[in-house]
Protein chains: 2
Amino acid sequence: MDQFRVLEVKRSIFEDNDRDAERLREQLKGEKTFLINLMSSPGAGKTTTLTKTIAALKDEMKIGIMEADIDSDVDAHTISEAGVKVIQLHTGGMCHLDADMTRQGIRELGTKELDLVVLENVGNLVCPAEFDTGAAKNVMILSVPEGHDKPLKYPLIFQVCDVLIINKIDVLPYFDFDLDKVKEYALMRNPNLKIFPISAKTGEGMEEWENWLREEVKQHNA
Amino acid sequence: MDQFRVLEVKRSIFEDNDRDAERLREQLKGEKTFLINLMSSPGAGKTTTLTKTIAALKDEMKIGIMEADIDSDVDAHTISEAGVKVIQLHTGGMCHLDADMTRQGIRELGTKELDLVVLENVGNLVCPAEFDTGAAKNVMILSVPEGHDKPLKYPLIFQVCDVLIINKIDVLPYFDFDLDKVKEYALMRNPNLKIFPISAKTGEGMEEWENWLREEVKQHNA
């Protein structure tokens with residue numbers, strides 16, 4: 001049997017999500033829990049990247065994962081095999097999570113003992129970017145097959161993210177994807193963006209990303 | 001100079017989008033214009049598939065394209081080179097188009113002389129599926145790199161579509177993508193779904209899809 005619960009999260013009752021997100025961020029800072037909001041298109045490799053990241057870090061810190069999906073449990077099943085605390089959040093058709101929905105997940109997960117929580121947001125480059133979840137950092141994954149023009153077409157998500165992971169670099173030879181161009185476009189949107197080209201499949205580049213994450217958790221929870 | 005206009009579409013004033021969509025569908029039937037609503041994730045290949053489809057059909061019928069994007073013109077620039085009537089719709093941050101937004105585009109495009117209009121919806125598997133645009137048929141593209149579990153995770157879009165195009169089959173050897181499984185999952189969601197595996201890049205499978213489209217346009221506009 002899988003080791004996770006399924007929670008149907010309710011739409012926020014708060015009018016002011018930004019203020020509510022700020023409140024949650026402060027609460028988690030106080031509890032020494034580093035929350036990451038992980039966003040991408042469907043199929044960019046959120047779950048695979050997460051599974052590999054967990055494997056690298058789970059002996060150093062206590063990790064919890066919140067899997068948000070419209071109504072499936074596929075990712076929670078996969079992640080629960082990685083041996084960390086997992087909860088499945090069902091948004092009931094909604095395309096994003098706001099701060100209060102995130103809080104409902106956090107409460108159910110019980111973060112007080114966790115050093116790092118990753119919220120795997122609904123797969124979508126538009127709506128999740130519009131709502132502050134209260135996470136300490138926003139991270140997005142763009143995968144090579146999606147094309148290097150995405151920062152031009154989905155500006156907001158590149159603006160609100162702290163980290164851009166470029167995944168599936170192992171298939172670069174088979175796609176017309178210009179790594180220099182995507183970096184240039186992404187930095188146009190957000191000059192402070194950290195960019196990590198990786199292949200979650202082969203492991204290439206994972207260490208740089210994991211080192212960044214390790215350092216951020218340490219600083220945040222100090 | 002590019003041959004297209006940019007239209008900022010406004011949120012619908014109609015409460016009842018389903019009824020409004022029905023009205024638009026009837027209007028287009030009367031005008032003998034076959035409207036397709038094309039949906040997919042970002043980077044699944046909507047624009048490339050469309051460019052190739054246009055090249056195959058443009059000598060047989062008059063085609064118009066409406067490119068919906070949050071705020072870029074990238075796809076309209078590409079499509080305008082294919083030599084058909086193109087208009088760019090900007091949704092102003094919204095993640096989908098409803099029937100009235102579609103009508104605003106249709107009006108600007110001037111469909112009375114067009115046999116086929118393709119609405120390239122905002123790249124997203126969630127929100128566009130929730131709003132009937134008034135199109136005669138809904139078509140979605142899923143690409144191989146996105147993974148075969150997508151019908152499990154995004155049920156609604158598979159339910160509302162008439163056609164599932166599985167794109168990028170040329171890269172099947174490089175991904176863990178099970179073509180039989182994705183068909184099985186998709187048909188579980190919608191037993192009436194027509195499925196066309198294609199590679200817009202190499203042209204494989206395009207003829208079956210184009211034949212289907214040709215036949216549908218003929219029947220609709222008869």
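Analyst: Let's start with the area: chain A and chain B bury about 2500 Å² between them, and carbon and sulfur atoms give 58% of that. On the chain A side, the residues that lose the most area to chain B are Pro42(A), Lys153(A) and Tyr174(A), which together make up 23% of what that side buries. Keep in mind that this is a predicted model.

In terms of residues, 31 from chain A are in contact with 31 from chain B.

What about charges? The rule finds two salt bridges across the interface of chain A and chain B. Take Lys153(B): this residue forms a salt bridge with Asp75(A), and the closest N and O atoms are 2.6 Å apart.

On the side of chain A that touches chain B, two or more residues come from each of α3 (74-80) and α5 (150-153) of chain A. The largest share, three residues, belongs to α5(A). Sorted by kind, the chain A side divides into 15 nonpolar, six polar and ten charged residues.

One to look up inside chain A pairs Asp20(A) with Arg103(A), where the closest N and O atoms are 2.8 Å apart. Asp20(A) sits in helix α1 (residues 17-30) of chain A and Arg103(A) in helix α4 (residues 99-109) of chain A, so this pair ties together parts that are 83 residues apart in sequence.

Chain A also has a helix pair for you to find. Helix α2 (residues 46-57) and helix α8 (residues 206-221), both of chain A, have axes that come within 11 Å and cross at roughly 65 degrees. The crossing of α2(A) and α8(A) is right-handed. From α2(A), the residues taking part are Thr49(A), Lys52(A), Thr53(A), Ala56(A) and Leu57(A), and they meet Met206(A), Trp209(A), Glu210(A), Leu213(A) and Arg214(A) of α8(A). That contact is made up of five nonpolar, two polar and three charged residues.

Methods. Residues numbered from 1 in each chain as written. Chains lettered and ligands numbered in written order. Predicted model: local features only at pLDDT ≥ 70, side-chain atom pairs only at ≥ 80, totals over all residues. Heavy atoms only, no water. Axes fitted to C-alpha atoms, helices over the stretch in contact; angles between N-to-C directions. Helix = DSSP H or I, 4+ residues; strand = E, 2+ residues; numbered from the N terminus. Left-handed = near helix turned anticlockwise from the far one by under 90°. Contact = heavy atoms within 4.5 Å. Nonpolar A, V, L, I, M, F, W, Y, C, P; charged D, E, K, R; others polar. Buried area = accessible area lost by both parts, 1.4 Å probe. Salt bridge = Lys/Arg side-chain N within 4 Å of Asp/Glu carboxyl O.
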